[in-house]
Amino acid sequence: MNDAPYTGGRGLVTKATAVAVIALALTLVGGFFDARRALWAYHFAFTYWAGIGLGALLVLGSFHATKARWPVVIRRMTETFSATGILFLVLFIPIAIGVKKLFPWADPQGYGLDGELLHLVEVRGPWLNVPFFLLRTGIYFALWIGFAWTLYRLSVRQDEEGGFALTDRQRRIAAVSLPLVGLAISFAAFDWQMSLDPHLSSTIFGVYYFSGSYLCALAVIILAAQWTRSSGLFGAYVSPAHFHSLGKLLLSFYCFWAYIAFSQYLLIWIANIPEEVTWYVHRNQGGWLVLGVFLVLFHFVVPFFILLSRDLKRDGRKLSVMAIWALVVHAVDVYWVMMPGLEPEAPSLHFTDLTALVGVGAAALAFVVWRMRGVRTVPVGDPYLADSLRYDPS
């Protein structure tokens with residue numbers, strides 16, 4: 001095994017940074033023509049990628065808390081992507097500055113709210129106000145950054161020291177992190193997505209956001225493992241059995257997302273409360289209905305039957321196609337959830353939707369590769385690494 005620190009990736013960091021700068025600059029240019037539309041596009045991209053980063057931390061926490069040995073070989077990648085919280089804290093600044101252009105509760109008059117909607121915003125005022133919103137977001141990032149960097153540093157330290165003590169410490173910290181980070185991503189979903197539309201009030205919505213984000217975090221791990229298979233990095237030690245287990249998790253969270261999505265729809269349909277039903281009324285007409293049907297078919301039905309194949313799940317290349325698809329359909333899902341708050345009649349694609357999505361994603365890629373440089377891509381000091389390398393449950 002090549003246990004030397006990773007020294008490559010400089011070119012990729014440079015290229016990804018350049019793409020991020022250019023794409024985000026184009027998004028800014030779009031803001032000069034339509035500030036609100038460009039900011040909504042940026043907020044969509046931020047929420048999509050930040051959710052995946054938080055999902056990676058939850059994946060890492062679940063690996064540790066369950067004392068799983070098989071994922072040790074893929075853990076460093078998971079740790080590194082989890083540590084993107086610092087980057088997303090910086091990327092949140094435009095949202096904090098433009099909060100009144102995004103959220104109706106922050107500027108009821110600017111959004112023309114009146115009657116029942118204005119009353120709903122006023123009733124929720126003690127929770128939905130700018131200072132408290134920013135304070136809560138700060139708490140989410142504090143939990144994210146604190147737990148992710150603690151686990152990352154302990155893992156890197158273990159590369160030199162080895163032994164069981166640091167493994168036990170990481171497991172204890174991860175067990176504490178899971179409920180706290182789970183609450184953080186749930187409340188972030190309420191604040192960043194659900195509050196964009198005063199019509200919706202769903203206590204299950206946080207789990208909806210979590211399920212899609214966790215799914216895509218697994219997809220990123222699969223893609224990274226396949227991408228690095230021929231480079232002598234951690235992917236070279238990922239076996240068909242590892243891909244099989246990752247594929248089973250991917251299938252499980254496709255099912256979990258569908259279960260949560262259906263449960264939320266069913267509960268709101270049964271209750272038939274006017275201020276909640278309107279949220280689905282907007283999404284059951286025109287182009288939004290088309291996207292909704294697309295999600296039913298391609299965020300659950302089609303991938304469900306494809307991922308039943310054992311051979312496919314053991315083939316890194318084929319499983320990577322399903323991972324890419326998971327990232328695509330989750331982007332459609334986040335767009336379908338968020339954008340009707342701005343365009344309730346029908347979706348109207350804007351070039352900033354793409355530039356923001358690419359820009360934030362490229363920035364995350366540059367950060368992850370930069371953070372991988374100088375450390376080993378496999379946690380060589382973990383006492384269970386040998387178990388992971390010979391993992392084969394069949």
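Helix α12 (residues 274-283) has E276, W279, Y280, H282 and R283 as buried residues, where buried means under 20% relative accessible area with a 1.4 Å probe and protein chains only. Viewed down the axis of α12, these buried residues fall within an arc of 160 degrees, so they line one face of the helix; the arc is that of the directions from the helix axis to the C-beta atoms. An α-helix has 3.6 residues a turn, so residues three or four places apart point the same way. The cover over the buried residues of α12 includes α11 (240-271), α13 (286-306) and α15, with contact meaning heavy atoms within 4.5 Å. Helices are DSSP runs of H or I with at least four residues, numbered from the N terminus.

The model is predicted: local features need pLDDT of at least 70, side-chain atom pairs count only at pLDDT 80 or more, and totals for chains, interfaces and linings use all residues. Residues are numbered from 1 along each chain as its sequence is written, and side-chain values use heavy atoms, leaving out hydrogens and water.

The helix α15 also takes part in the lining of the largest pocket, as do α2 (35-65), α3 (75-82), α10 (205-227) and α16 (351-372), each supplying at least two residues. On a 1 Å grid over the protein atoms alone, a pocket is an open set of points with protein on both sides within 12 Å along at least five of seven lines, a cavity is a set where a 1.4 Å probe fits but cannot get out, and lining residues have an atom within 4 Å of a point. The largest pocket has a volume of about 970 Å³, a volume being the space filled by probe spheres set on the points, which are joined across faces, edges and corners. Of its 36 lining residues, W49, L223, L327, G361 and L365 are the closest to the centre. Helix α16 gives the largest share of this lining, 10 residues. By class, the lining has 30 nonpolar, five polar and one charged residues; Ala, Val, Leu, Ile, Met, Phe, Trp, Tyr, Cys and Pro count as nonpolar, Asp, Glu, Lys and Arg as charged, and the others, Gly among them, as polar.

The structure also holds two cavities of 30 Å³ or more. The largest cavity, with a volume of about 80 Å³, has a lining that includes F63, H64, R75, R171 and D382. Five residues of that lining are nonpolar, two polar and four charged.

The second largest cavity has a volume of about 30 Å³.

Key
Buried means under 20% relative accessible area, exposed over 50%, partly exposed in between (1.4 Å probe, protein chains only).
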